[in-house]
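Subject: Structure handover

Dear colleague,

Here is the structure for your files. My notes on what was found in it follow below.

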Amino acid sequence: PVPAMEEEDSESQLMYRIERPVYDEAFLRSQLLHHRLKSTTLWKRLLKHFQCSSEKAKATVLNFLPILKWLPSYPVKQYLFSDVVSGLSTGVVQLPQGLAYAMLAAVPPVYGLYSSFYPVMLYMFFGTSRHISIGTFAVISLMIGGVAMREAPDSMFYILDANGTNSSLILDKTARDTRRVQVAVVLTTLVGLIQLAFGLLRFGFVAIYLTEPLIRGFTTAASIHVCVSQLKYLLGVRTRRFSGPLSAIYSFTAVVGDITSTNVATVILGLVCLIVLYVIKDLNERFKKKLPIPIPGEMVIVIVSTGISYGLSLSSDYNVDVIGNIPTGLLPPTIPEFSLMPHLLADSFAVAIVGFSMGISLSKIFALKHGYSVDGNQELIALGLCNFISSFFQTFAITCSMSRSLVQESTGGKTQIAGLLSSIVVLLVIVAIGFVFQPLPQTALAAIIIVNLVGMFKQFKDISVLWRISKIELAIWLVAFVASVLLGLDYGLLVAITFALMTVIYRTQSPESAILGHIPGTGLHFDVEYEEAVEYEGIKIFHFSSPIYFANSDLYVTTLKEKVIPPLVSLLTKSSLVTAVKINLTEQSETSNTLSPNHILEENGNSQVEDALASDSGEGFGPVHSIILDWTLVCFIDSVGAKAIKQVQPHTQECICDR
């Protein structure tokens, strides 16, 4: 008997009965809640906020220089070897990417090396992420290149050929490149100032408005732009570079239209580099658990293609475009050409926001994976300082690279010491052996860029995933992609952000609403569309999943009346409906569950109501005596929403608002 009793007790369910009084707002404010007396004046609170102490100064310094937190306790034996391996591996990837992405930025290749050295050194001091690889990035480089092409087009730099017999025009590439470098440097200065200002003003939260579908759609479109821009280098076709709306279409059309002038040697070398690099990356992915470090495919391509180009004299004998002169050594700091700033302000905001969004999103992914935290505001400050200070040394804007960050993390990188070592690898090339890469074919760099975009092209899979999860997020992804492809990256980003904000308004203006019923034997309540959900007799529970404010207050009242009193929705006006609610909810408890048509006519005199009730055989509203408003998901109500609720509440016998 005892085991049987224990089994019966274990199967029984505990039931709880909770009774509590119902309070109104006036009672809460007058009887239960009283504000604390403020013991200090506003002036004293301001002085306390701005006063300096040793502890506060120390905390400020540690927050501004995160390296002071982790470097003194750096575990040399556990971390150093992993950081060295990771840094060298990342460096050999960063070197060819720096050269390649300089082509996207429309500046000479050596400036890509500068941009792969100075910012990486600075980020080690100011950044909070331990795993991202700061430096050149395809999307940002392409945005900079578009601005540089717009401000310094080829048409501005044609001069008369002094040696020509017919006074022909030639392109002054030296003057053009100098001007484009000035544009890129000034743009980088502005980007740094904007990011630094946002960080100091604690604007790190702005990243939340750049939702993941928006960023992924935008970067996928940027990959299309990058790939199209590299076709002419891969094929050896000399076409002009386009910028602005429809630039991707114009560029592709120009390449296809001049396809007959393709350089065969360039195409063969480029396709071989592309296939070999793709195979190497595939092998790295397949055997990443067995390989101690990934095979440096980019470095292999650079070394082998440079050797082939030098040995076969591809530039002179086969007209294959090569990088050309790479000056040795670092440039002295110079003041940017500030007169260009007014023309670049809007572009700098777009680059600053995209650069920070890419950096913070990847930082949070690695931080979550490895169990530490990153500070969004400090990341803004770090990126701002990296861009601003580095711009005086002739760099262009940077952010973190997805491919390099994965290399740095997968090869065992623990801290930004790995980033320091990768920058030293780049420095070695700049000051000592840069001349070795002068015969490097541009088609090899184009192959490196295109293969590194494979990961971004995989983001097209988001379409099927978002179709199942959220149609609105799918719409954001598609709008960001289409707008950025057709209008360009700057206008495309603006359109995408505007559309994403409009979806927020749409969601609050078209929220889900339902009449809830309880699941017998549980304390759960669900939409009565489920067959298990049963309504309480005489009670309607109305659920609304949005704040109630000026934009949807009328919708709330209308939906409430439609779901609670459906028979008269199509015929009653707003005033007559309130009257009907009043009659129904007050008379049912006194007389019967039917509604008198004559009484309605006495109160309202509406012939349409008379016809409706006559055709409805006098059945009325049904036995509803109480309405419960479920405000679980209502986070705020403004004055307009409160007035809308008052239109219904005073006329009901009992209206309970459940939060």
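I start with a loop: leucine 246 sits between H11 and helix H12 (247-257). Please keep in mind throughout that this is a predicted model. Leucine 246 is not a glycine, yet its phi is positive, at about 65 degrees. For comparison, most residues other than glycine have a negative phi. With a relative accessible area of 33%, leucine 246 is partly exposed.

Glutamine 394 also has a positive phi of about 65 degrees, although it is not a glycine. This residue lies in the loop between helix H17 (376-391) and strand S4 (399-401). Its relative accessible area is 14%, so glutamine 394 counts as buried.

Overall make-up

The protein has 659 residues, and 46% of them count as buried. It contains 29 helices and 9 strands. If you take the contacts between residues at least 6 apart in sequence, 80% of them join residues at least 24 apart.

Helices H11 and H23

How do the axes of H11 and H23 cross? Helix H11 covers residues 212-235 and helix H23 covers residues 471-487; their axes come within 8 Å and cross at roughly 30 degrees. Angles under 35 degrees count as roughly parallel, and H11 and H23 are therefore roughly parallel to each other. Their crossing is right-handed.

On the H11 side, the residues in contact are Pro213, Leu214, Arg216, Gly217, Phe218, Thr220, Ala221, Ile224 and His225. They meet Glu473, Ile476, Trp477, Ala480, Phe481, Ser484 and Val485 of H23. By type, the residues of this contact are 10 nonpolar, 4 polar and 2 charged.

Strand S7 and its partners

Strand S7 (residues 539-544) pairs with two strands that are described here, S5 and S8. With strand S5 (residues 513-518), the pairing is antiparallel and has 4 bridges. With strand S8 (residues 626-630), S7 runs parallel, and 5 bridges join them.

Is S7 enclosed or open to the outside? Of its 6 residues, 5 are buried, so S7 is largely enclosed by the rest of the structure.

Isoleucine 417 belongs to helix H19 (residues 417-433). Its relative accessibility is 14%, and the cut-off for buried is under 20%, so isoleucine 417 counts as buried. Which residues does isoleucine 417 contact, leaving aside its neighbours within four places in sequence? They are Trp70, Leu71, Tyr74, Asp83 and Met124.

Glutamate 409 is in helix H18 (residues 402-410). Glutamate 409 has a relative accessible area of 13% and is therefore buried. Not counting residues up to four places away in sequence, glutamate 409 touches His131, Phe366, Lys369 and His370. Glutamate 409 and threonine 90 are 319 residues apart in sequence, with a C-alpha to C-alpha distance of 9.4 Å.

Regards

Methods: Residues are numbered from 1 along each chain as its sequence is written. This is a predicted model: local features need pLDDT of at least 70, side-chain atom pairs count only at pLDDT 80 or more; totals for chains, interfaces and linings use all residues. Side-chain values use heavy atoms; hydrogens and water are left out. Axes are lines fitted to C-alpha atoms, for helices over the stretch in contact, and angles run from 0 to 180 degrees between N-to-C directions. Angles under 35 degrees count as roughly parallel, over 145 as roughly antiparallel, 65 to 115 as roughly perpendicular and the rest as oblique. A crossing is left-handed if the near helix is turned anticlockwise from the far one by less than a right angle, and right-handed if clockwise. Contact means heavy atoms within 4.5 Å. Ala, Val, Leu, Ile, Met, Phe, Trp, Tyr, Cys and Pro count as nonpolar, Asp, Glu, Lys and Arg as charged, and the others, Gly among them, as polar. Buried means under 20% relative accessible area, exposed over 50%, partly exposed in between (1.4 Å probe, protein chains only). Two strands pair if DSSP finds at least two bridges between them.
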